[in-house]
Amino acid sequence: MTDAREFAAPNGEAPARHTPGSPCWVSLMVHGLTATEDFYGALFGWEFRPGPGQLGPYVHALLDGREVAGIGLLPPDRRLPIAWTPYFASPDADLTADSVRSRGGTIAVGPLDAGDTGRLAIGSDPSGAVFGVRQAAAHLGTAVSGVAGTPAWNELLTYESASAAAFYRTVFGYEEEAVVSAGFDYVTLHRGGEPVAGIHGLGQALPRDRGPHWVTYFQVADADDAVDHLVHLGGHVLRPVHDTAHGRMASVADPEGAPFALLQRRR
């Protein structure tokens, strides 16, 4: 896990409609839905209500009554890596899916209609990192940001940043800002002048058991307390709490092994 150069500014509220290309939702598919609800409910203070059923049993996580994320149940015969998946906003999910395919990516699910959620697709970039595409309908996606218990940043861990950034740039129209530093391969993706995600090239240091993958950072009030609580709840610490220019961070995993990160912003 590395330190992203910039994070979206905390604002307490997400925009009424997410800008095309911006992260608009995060979703997790697991084998034990009830146990996962208990874990994240205790860790982040989330409550849950049923979501769209097109992909099977699925719940929306709410913080103070506002939606922040989704958790669904994997079919019992699907033994896939458990991971948080970021969704990026699109004005036309079908056109975006076509763009993903034409640039060497794949679309594994959809595009399909999911009730008030809108039209969805789940795909992967040419290196195999999984992400979602979301054309919003009545349900606009993550409804609050910048407070504890909400997604704060998404970062792609991959072999090298240049080709990955080129793929996402052509699909979503991002601008790029590369870190100029020997031995540090990092690109920040921007849309409309705002940082929306990061790409970190790890080379051979990328974990072979997982390969290229997206990691979601969740904001917390106190990183040390959150890590202690996570361990008590059955989670795992992948990298202990450490200080960065953006605050205190830790790389962790839930009881099913889904990696994510905790961020305590600098005041």
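In the predicted model, the N-terminal end of helix α2 is capped by D92, a side-chain oxygen of which lies 3.1 Å from the backbone nitrogen of D94. The helix itself spans residues 93-102, and A93, T96, A97, S99 and V100 are buried within it. Viewed down the axis of α2, these buried residues fall within an arc of 160 degrees, so they line one face of the helix. The exposed residues L95 and S102 are carried on the face turned away from that buried side. The cover over the buried residues of α2 includes the strands β6 (106-113), β7 (118-124) and β8 (130-136), together with helix α3 (161-172). After α2 comes G104, which has a positive phi near 95 degrees.

The strands β6, β7 and β8 belong to an open sheet of eight strands with mixed pairing, in the order β2-β3-β4-β1-β5-β8-β7-β6. The edges of this sheet are formed by β2 (47-50) and β6, each of which has a single partner strand, so that one side of each is left without a neighbour in the sheet. From one strand to the next, the twist averages 25 degrees. Within the sheet, strand β5 (residues 84-89) pairs with β8 in the parallel sense over three bridges, and Y87 stands opposite G132 in β8. Helix α1 packs on this sheet and touches β1 (23-30), β2, β3 (58-63), β4 (66-73) and β5, its direction making about 150 degrees with that of β4. Helix α2 also packs on the sheet, where it touches β6, β7 and β8, and its direction makes about 170 degrees with that of β6.

Another open sheet of eight strands, again with mixed pairing, has the order β10-β11-β12-β9-β13-β16-β15-β14. Here β10 (175-178) and β14 (236-244) stand at the edges with a single partner strand each, so one side of each lacks a neighbour in the sheet. The twist in this sheet averages 25 degrees from one strand to the next.

Seven salt bridges are present in the structure. In one of them, the side chains of D94 and R119 meet at 2.6 Å, N to O; D94 lies in helix α2 and R119 in strand β7, so the pair ties together parts that are 25 residues apart in sequence. D94 counts as partly exposed at 30% relative accessibility, and R119 is likewise partly exposed, with a relative accessible area of 21%. D94 and R119 are also linked with D113 in a network of salt bridges.

A salt bridge is also formed between E176 and R169, whose closest N and O atoms are 2.2 Å apart. E176 is partly exposed at 36% relative accessibility, and R169 is partly exposed at 36%. In a further salt bridge, the side chains of D224 and R248 meet at 2.9 Å, N to O. Because D224 lies in helix α4 (residues 223-232) and R248 in strand β15 (residues 247-253), this pair ties together parts that are 24 residues apart in sequence. D224 is partly exposed, with a relative accessible area of 32%, and R248 counts as partly exposed at 22% relative accessibility.

Notes
Residues numbered from 1 in each chain as written. Predicted model: local features only at pLDDT ≥ 70, side-chain atom pairs only at ≥ 80, totals over all residues. Heavy atoms only, no water. Pairing = 2+ DSSP bridges. Helix = DSSP H or I, 4+ residues; strand = E, 2+ residues; numbered from the N terminus. Axes fitted to C-alpha atoms, helices over the stretch in contact; angles between N-to-C directions. Buried < 20%, exposed > 50% of the residue type's maximum accessible area, 1.4 Å probe, protein only. Arc of directions from axis to C-beta. Contact = heavy atoms within 4.5 Å. Polar contact = N/O pair within 3.5 Å; in protein donor to acceptor, adjacent residues only side chain to side chain. Salt bridge = Lys/Arg side-chain N within 4 Å of Asp/Glu carboxyl O.
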